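I opened my notebook for a first look around this protein. These are my entries, in the order I looked things up.

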Amino acid sequence: MTFRRFAFNNVVRNKRLYAAYFLSSMFTVMVFFTFAIFAFHPALAGSEMNSSVQTGMNIAAGIIYVFSFFFVLYSMSSFLNTRKREFGLLMIQGMSLRQIRLMVFMENMVIGFFATAGGILFGLIFSKAILVLAENMLVMDAAFNFYIPILAVIVTFVSFILLFLFISIFVSYVLRSRKLIDLIKGNKKSKGEPKANIFLTILAVLLLGIGYAAAFMVKGTMVIAAMLPVIIVVIIGTYLLFTQLSVYLINRFKQNENIFWRKTNMILLSDLSFRMKDNARTFFMVAIVSTVAFSAIGTLFGFQTFLTAGLKNNYPYDFTYTAVDQKEQNVDIINESFREENIEAHHELAWLHYFEIGQDSFLIARESDFNSFAILLGENPIDVREGQLKVVEFTGNQFGQTEELRKQTIELNSGATLNPKEVIYSRALPATDSYYVVSDQDFEELPAPSREESYHVWQVTDGKENIMAASKKIVEVLPPVEFHARDYSIYQLNKEYGLVLFVGLFIGIVFFVSAGSFLYFRLYADLDEDKQKFHSIAKMGLTEKELKKVLTRQTAILFFTPILVALIHGAVALTALSHLFFYDLTKVSLAVLGVFLIIQICYFYIVRFFYTKHIRKVL
């Protein structure tokens with residue numbers, strides 16, 4: 001048997017250990033490759049979005065590539081840790097340190113080659129689905145048809161072969177720079193009973209409490225100012241949570257006889273403190289990486305929801321046209337476009353009169369005009385009696401002018417004075433600032449306005465499916481400062497924002513899958529020791545049902561502890577984001593965090609099934 005064959009067989013015979021490493025690496029390559037397919041797509045070559053798309057995709061590819069380096073490096077270090085006994089046996093049989101380095105190098109290159117080839121292959125298989133997803137998220141006018149991505153294949157293959165080559169050389173250097181005898185004799189288990197420092201335990205609680213309190217309390221632009229200090233405090237508190245607080249809580253449970261001596265809790269808790277202490281850094285890394293994924297995707301979806309909701313709120317009508325004069329020809333263009341696209345709409349017209357009040361100019365609307373628009377929106381009409389003056393604040397917006405308007409008085413030509421007594425909320429008239437509504441009789445007694453505008457709105461009653469076609473025709477003719485089509489504006493927003501959402505979604509998925517893989521590596525790194533431990537315990541009378549229960553609880557605690565911490569961190573971060581925009585992101589937060597939790601639960605059951613299967617083989 002040649003040395004190359006020996007290295008190849010070593011990979012094949014350690015399928016369990018290398019499976020997660022191979023699949024995770026292959027998934028990372030596949031994601032990078034799909035980015036490349038999208039970035040080099042011919043549909044983007046002449047697109048107006050080409051520059052921004054290329055920039056965004058290059059940044060995303062760079063982030064994924066850099067993260068892939070650290071992910072693969074971490075994976076390799078996990079493998080070396082679990083193979084100490086194997087290295088020791090090989091050295092006893094006469095293998096030199098140089099040969100061990102060469103074997104590790106060749107093994108990693110074999111895995112890297114097949115992971116790269118497999119990632120490209122699966123990327124090609126799923127490329128059409130990815131392109132369809134990109135087309136919908138980016139709201140592109142041109143279709144992303146399938147093409148032969150030769151350039152994407154070359155870039156991906158060369159990039160990741162170089163990545164695996166560099167990491168293989170680096171790993172060989174690490175082996176050479178340490179005494180291998182220390183690596184072989186090193187023991188993964190903690191020495192002695194794990195103990196928590198009471199001061200650091202209290203500090204963990206304080207830091208997390210301070211970070212959460214600050215995130216909940218700050219509002220508006222103060223969220224941005226508090227962001228960096230809160231992040232630093234929470235990161236330090238999270239590290240102490242896993243290294244100190246978790247060990248302290250487990251030790252407290254062990255001291256409680258009612259808990260410790262109950263059924264199989266002795267087996268669970270006796271080993272759990274060692275596991276939490278030994279895996280603290282991994283759990284910390286998983287929690288932080290997962291928090292980044294949750295927060296990034298939640299922020300992107302939340303921001304899109306915020307902007308879309310703002311457009312829908314500020315422009316309640318399907319079409320709006322405002323001009324300083326009547327401009328009948330422009331209104332005719334709009335109506336003609338409706339006829340061409342078979343659209344029927346209810347039309348309302350009002351003249352908006354602005355008056356100089358104090359240092360500013362404010363709208364004063366007559367009651368009949370206001371009620372016509374309010375009824376069109378489905379709002380209740382209002383009753384303004386003679387001598388009354390009502391302040392209207394646009395629903396959902398706070399312009400900060402309401403109090404100022406309440407202090408003003410309006411003098412009529414008849415000599416009477418109107419004082420505002422009531423503030424109402426409505427979306428009937430434009431969302432520019434707060435304004436007044438007076439009775440029709442009092443409106444006739446107002447002095448001459450400083451300026452007038454004609455205000456046309458259309459609410460579509462039939463042919464809603466043709467709104468976009470009509471909007472595109474009209475916006476090509478009329479200036480955007482005068483004409484506004486709500487659905488077209490939302491379309492444009494999604495078109496511009498889609499790239500950010502698309503890139504952020506994929507980066508978040510890579511982070512999340514990598515975090516799950518870290519947990520898989522740590523769990524299976526202790527598999528051989530768990531086999532011996534449960535084999536010995538089974539001789540003392542542990543039933544298969546009890547074994548399954550202990551394994552499920554232990555795996556669930558180790559698997560979900562960092563994920564639950566990340567979910568809490570993510571929920572707090574998204575709450576702070578809602579305070580920044582004064583917009584409720586509860587639904588978005590629940591949707592994003594809920595999807596991730598469901599994925600993680602499915603991942604847990606898959607891992608638990610195979611993990612339990614391996615343990616039961618030795619019983």
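**Entry 1: salt bridges**

How many salt bridges does the count come to? I get nine salt bridges in this model, which is a predicted one. I then looked up a few of them.

I began with arginine 339, which forms a salt bridge with glutamate 336. The closest N and O atoms of arginine 339 and glutamate 336 are 2.6 Å apart. Both residues sit in helix H14, residues 328–340, and because they are three residues apart, about one helical turn separates them. I reminded myself of the background here: an α-helix has 3.6 residues a turn, so residues three or four places apart point the same way. I also checked how open each partner is. Arginine 339 has a relative accessible area of 53% and is exposed, while glutamate 336, at 34%, is partly exposed.

Next I looked up glutamate 341 and lysine 473, whose side chains meet in a salt bridge at 2.7 Å, N to O. Glutamate 341 lies in the loop between H14 and strand E2 (344–357), and lysine 473 lies in helix H18 (residues 467–475), so this pair ties together parts that are 132 residues apart in sequence. Is glutamate 341 buried or exposed? I found it buried, with a relative accessible area of 14%; the cut-off for buried is under 20%. Lysine 473 counts as partly exposed, at 34% relative accessibility.

My last pair was arginine 486 and aspartate 487, which form a salt bridge with the closest N and O atoms 3.7 Å apart. Arginine 486 is buried at 17% relative accessible area, and aspartate 487 is partly exposed at 29%.

**Entry 2**

In what order do the strands of the eight-stranded open sheet run? I wrote down E7-E4-E8-E3-E2-E9-E1-E10, with mixed pairing. The edge strands are E7 (422–426) and E10 (483–485), each of which pairs on one side only. On average, neighbouring strands of this sheet are turned by 30 degrees against each other, direction ignored.

I then followed some of the pairings. A reminder to myself: strands of a sheet pair through backbone hydrogen bonds, either parallel or antiparallel.

- E2 and E9 pair in the antiparallel sense over eleven bridges. Leucine 352 has glutamate 453 in E9 as its bridge partner.
- E2 and E3 also run antiparallel, joined by five bridges. Isoleucine 357 has aspartate 360 in E3 as its bridge partner.
- E3 (residues 360–366) and E8 (residues 435–438) pair in the parallel sense over three bridges. Arginine 366 stands opposite valine 438 in E8.

What do E2 and E3 form together? They make a hairpin with two residues between them, and glycine 358 in the turn has a positive phi of about 65 degrees.

H14 lies across E1 (319–323), E2, E9 (451–462) and E10, and runs at about 5 degrees to E9.

**Entry 3: helix H15**

Which residues of helix H15 (residues 367–377) are buried? I listed Glu367, Asp369, Phe370, Asn371, Phe373, Ala374 and Leu376. Glycine 378 follows H15, and its phi is positive, near 90 degrees.

**Entry 4: a nonpolar patch**

On the surface I found a nonpolar patch of Phe8, Phe113, Phe114, Ile148, Ile150, Ile154, Phe157, Val158, Leu162, Leu165 and Ile169, with about 1000 Å² of accessible area together. Helix H5 (97–125) and helix H7 (150–177) are the elements that give two or more residues to the patch. H7 gives the most, with seven residues. I picked out isoleucine 150, which has its place in H7 and counts as exposed at 56% relative accessibility.

**Entry 5: the whole chain**

I ended with the totals. The protein chain has 22 helices and ten strands, and 50% of its 619 residues count as buried. Its accessible surface comes to about 30100 Å², with 62% of that belonging to carbon and sulfur atoms. Of the contacts in the chain with a separation of 6 or more, 86% are between residues 24 or more positions apart.

Notes:
Residues are numbered from 1 along each chain as its sequence is written. This is a predicted model: local features need pLDDT of at least 70, side-chain atom pairs count only at pLDDT 80 or more; totals for chains, interfaces and linings use all residues. Side-chain values use heavy atoms; hydrogens and water are left out. Patches are made of residues with over 30% relative accessible area and no salt bridge: like charges are joined within 9 Å, nonpolar side chains (Val, Leu, Ile, Met, Phe, Trp, Tyr) within 5 Å. Accessible areas come from the Shrake-Rupley method with a 1.4 Å probe; for residues, only the protein chains shown count as cover. A salt bridge is a side-chain nitrogen of Lys or Arg within 4 Å of a carboxyl oxygen of Asp or Glu. Helices (H or I, at least four residues) and strands (E, at least two) are DSSP runs, numbered from the N terminus. Buried means under 20% relative accessible area, exposed over 50%, partly exposed in between (1.4 Å probe, protein chains only). Two strands pair if DSSP finds at least two bridges between them. Axes are lines fitted to C-alpha atoms, for helices over the stretch in contact, and angles run from 0 to 180 degrees between N-to-C directions. Contact means heavy atoms within 4.5 Å.
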